[in-house]
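Have the sequence and the 3D view ready. This report walks through a few parts of one model.

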Amino acid sequence: MAIDERVERRLGDDDILDLGMLIHDFFRGLKKFWWLVVVLAVLTPAAVLAYSYITYEPMYQSQASFTVSTSDSAGVNYDYWFYYDKSTAAQMATTFPYILESDLLTDLVKQDLGTDVINGSISASAVSNSNLFTFTVTSRDPEDALAILESVIANYPEVSRYVIGDIKLNMIEEPVLPDKPYNAVQYKKRGAKGFLMGIALGFCLIGLYALTRKTIRKEEEIQNVLNVQCLGIVPQVVFKKRNRQNSQKLSIFNPRTGDFFRESIRGMALRLDQQMLDKSQKVVMVTGTLSGEGVSVISENLAGALAEMDKKTVLIDMETGFWRLKDTGAAETAGTETGILAEPGNLKKLVDELRGRFDYIVIDTPPCSCMSEASKAAECSDTLVYVIRQDYAKTHQISDGLEDICSYGVSLAGCVLNQTQVGGLSGYGYGSYGRYYGGYAYGRYGYGRYSYGRYGYGRSKSGYYGYAQSSPDENRQTDNRQTDKKGAER
């Protein structure tokens, strides 16, 4: 089964929502896209206020209130008649829409106003548990609102006689000419509401980002999601600000990198050595999905760890314009420069020549996003170590990269989860270690000016390993390449 098919099956069957990871992704998104929340918090109220201003149409309202009676309520049976009047008022409110729709009342109002169209809407309501009844007229014109209401008051008793009998309307609130719109826009209130809407929209978009973000964060996800073996995990190393140069090289020979880093690299090298010995393999390419995953650091330290195990190991860096190497094998030749062994395009010839001289050949390969270069390494490699930076490349990008590179026939030794961070995200306890070396991490010094490409590695039992010192012109080329990588990692 193809790698991408396995990933799709895993995502379809076993992708269970991790609330802790979702919260982590939300705050990561908030840290990354905080500006979006700010922009929406400014633009949304502005849009709401503009829409309110453009679409606003002032409306005027006039109303009159009455008590409803059907007879003299001052007699001996007052309670009875009051109850009856309450029922009558409620019945008037209920029947009013039907009376209005019957055209009898509207025709009388039109006749009074001398118009064919009533410029307003009429409604009626009764106050619960009382005989209080209210007429309300709403119109764009305040004078029309008053005129319509007065006509309704005058004609309604005559019309309602056929429905509920004789009634008497005792006015308690006279209709007046409205002097201001009843629907005046409260711009401050709408602006505040728009502000809250903008923040809520920003949070919703960040929440959507968190829900749809699929990356590799834990060792078990390499097996469960990608369905491939995890060869090892490498912690993120953060140095203090002092002693910036050689003391901050991410090398297993640098004691300041700490035991976690060194032992993870050495354990990975031991497992790789066992695999390659069992399969009689010599050439291993190291690559990743995107630039900034830490491929060069893993390649160089993996080569150093193999050399430390008394394996004659050579490292080839494909990202430079040409390859300059050191013989890292026998003690009597340790540190002897072989010079420029090959130019770009002759990688296979170079690898074939080195197979007879070394136990292992490690190829530091550009990421799979640069497939033309990665394919050259795949065609002459026996096995592949695939570097996955924690919580970096999307899962589908990783699966596509693995699928593409493995299509050239190279076997997969396993994946390396690189730059793992504190507990909840990785499941490993590197947090206190990382904080101890607070200040500078992989992103700044792992691949940049103070990386191994320029200064080389330490000495092992077998001698030196790594790159030779470049010429001044080559140094400028390397510095430019490292600056580009530094920008990409940021």
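## About the model

This is a predicted model, where local features need pLDDT of at least 70, side-chain atom pairs count only at pLDDT 80 or more, and totals for chains, interfaces and linings use all residues. Residues are numbered from 1 along each chain as its sequence is written, and side-chain values use heavy atoms, with hydrogens and water left out.

Helices (H or I, at least four residues) and strands (E, at least two) are DSSP runs, numbered from the N terminus.

## The sheet

Strands of a sheet pair through backbone hydrogen bonds, either parallel or antiparallel. Here, four strands form an open sheet in the order E2-E3-E1-E4, and the pairing is antiparallel. Two strands count as paired if DSSP finds at least two bridges between them. Strand E2 (121-126) and strand E4 (168-173) are the edges. Each has a single partner strand, so one side of each has no neighbour in the sheet. On average, neighbouring strands are turned by 30° against each other, direction ignored.

Look at strand E1 (residues 60-69). Five bridges join E1 to E4, and the two run antiparallel. Ser 65 stands opposite Glu 173 in E4.

## Helices H2 and H6

The axes of H2 and H6 come within 6 Å and cross at roughly 150°. Axes are lines fitted to C-alpha atoms, for helices over the stretch in contact, and angles run from 0 to 180 degrees between N-to-C directions. That makes H2 roughly antiparallel to H6. Angles under 35 degrees count as roughly parallel, over 145 as roughly antiparallel, 65 to 115 as roughly perpendicular and the rest as oblique.

The whole structure holds five aromatic pairs (Phe, Tyr or Trp rings, Trp by its six-membered ring, with centres within 6.5 Å; planes under 30 degrees apart are stacked, over 60 edge-to-face, the rest tilted). One of them is Phe 26 with Phe 203: edge-to-face, 6.0 Å centre to centre, 70° between the planes. Phe 26 lies in helix H2 (residues 19-55) and Phe 203 in helix H6 (residues 187-212), so the pair ties together parts 177 residues apart in sequence.

## Helices H8 and H9

How do H8 and H9 lie, roughly parallel or roughly perpendicular? The axes of helix H8 (residues 258-278) and helix H9 (residues 295-308) come within 9 Å and cross at roughly 70°. H8 and H9 are therefore roughly perpendicular to each other.
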